[in-house]
Amino acid sequence: MDEEQQRTLAVWSIFVVPFVFLFGFLLLYDSLTLEIIAIYWFPAIVLTMIGVIDPPWTLVSDGE
């Protein structure tokens, strides 16, 4: 795994791991809404679209 793949994995781990805990907590208390999910993932989607962070599928497609 090269440096760029490690960076991509680290960045997306920062987004995904806290979301799993937040998702579980809010689901447990019946407070999970589509708006919360959209607000959480909006920055990641925008940063990916403008090219600041690599999309997560580059980990799969570059894994030769």
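Which elements are included in what covers the buried residues of helix 1? Helix 2 and helix 3 are included in that cover, where contact means heavy atoms within 4.5 Å and buried means under 20% relative accessible area, with exposed over 50% and partly exposed in between (1.4 Å probe, protein chains only). This is a predicted model, in which local features need pLDDT of at least 70 and side-chain atom pairs count only at pLDDT 80 or more, while totals for chains, interfaces and linings use all residues. Residues are numbered from 1 along each chain as its sequence is written, and side-chain values use heavy atoms, with hydrogens and water left out.

**Confidence**

- The chain has a mean pLDDT of 92, and 95% of its residues reach 70 or more; pLDDT is the predictor's confidence in each residue, from 0 to 100.
- Among the elements of the chain, the highest mean pLDDT, 96, belongs to helix 2, and the lowest, 80, to helix 3 (residues 58-61); helices (H or I, at least four residues) and strands (E, at least two) are DSSP runs, numbered from the N terminus.

- Helix 1 has 26 residues and spans 38 Å from its first C-alpha to its last, close to the 38 Å expected at 1.5 Å a residue, the expected span being 1.5 Å times one less than the number of residues.
- A kink of about 30° is centred on S13 in helix 1, the bend at a residue being the angle between axes fitted to the seven residues ending there and the seven starting there.
- The buried residues of helix 1 are Q5, T8, V11, W12, F15, F19 and L26.
- D30, in the loop between helix 1 and helix 2, has a positive phi near 55° although it is a residue other than glycine, and D30 counts as exposed because its relative accessibility is 72%.

**Helix 2 and its end**

- Helix 2 has 16 residues and reaches 21 Å from its first C-alpha to its last, close to the 22 Å expected at 1.5 Å a residue.
- In helix 2 a kink of about 40° lies at W41, shortly before the proline P43.
- W41, A44 and T48 are the buried residues of helix 2, and what covers them includes helix 1 (3-28).
- M49 belongs to helix 2 (residues 34-49) and is classed as exposed because its relative accessible area is 68%; M49 and L9 are 40 residues apart in sequence and 17 Å apart in space, C-alpha to C-alpha.
- Just after helix 2, G51 takes a positive phi of about 90°.

**The nonpolar core**

- The largest nonpolar core is made up of 7 residues, V11, W12, F15, F19, W41, A44 and I53; such a core is a set of buried Ala, Val, Leu, Ile, Met, Phe, Trp, Tyr and Cys residues joined through side-chain atoms within 4.5 Å.
- Helix 1 and helix 2 are the elements that give two or more residues to this core, and helix 1 gives the most, with 4 residues.
- Not counting residues up to four places away in sequence, I53 touches V11, W12, F15, A44, L47 and T48.
- In soluble globular proteins, nonpolar side chains tend to be buried together.

**A buried threonine and its polar contact**

- T8 lies in helix 1 and counts as buried because its relative accessible area is 4%.
- The side chains of T8 and D54 are joined by a polar contact of 3.2 Å, that is, a pair of N or O atoms within 3.5 Å, of which, within protein, one must be able to donate a hydrogen and the other to accept it, with residues adjacent in sequence counting only if both atoms are side-chain atoms.
- Leaving aside neighbours within four places in sequence, T8 is in contact with D54, P55, T58 and L59.
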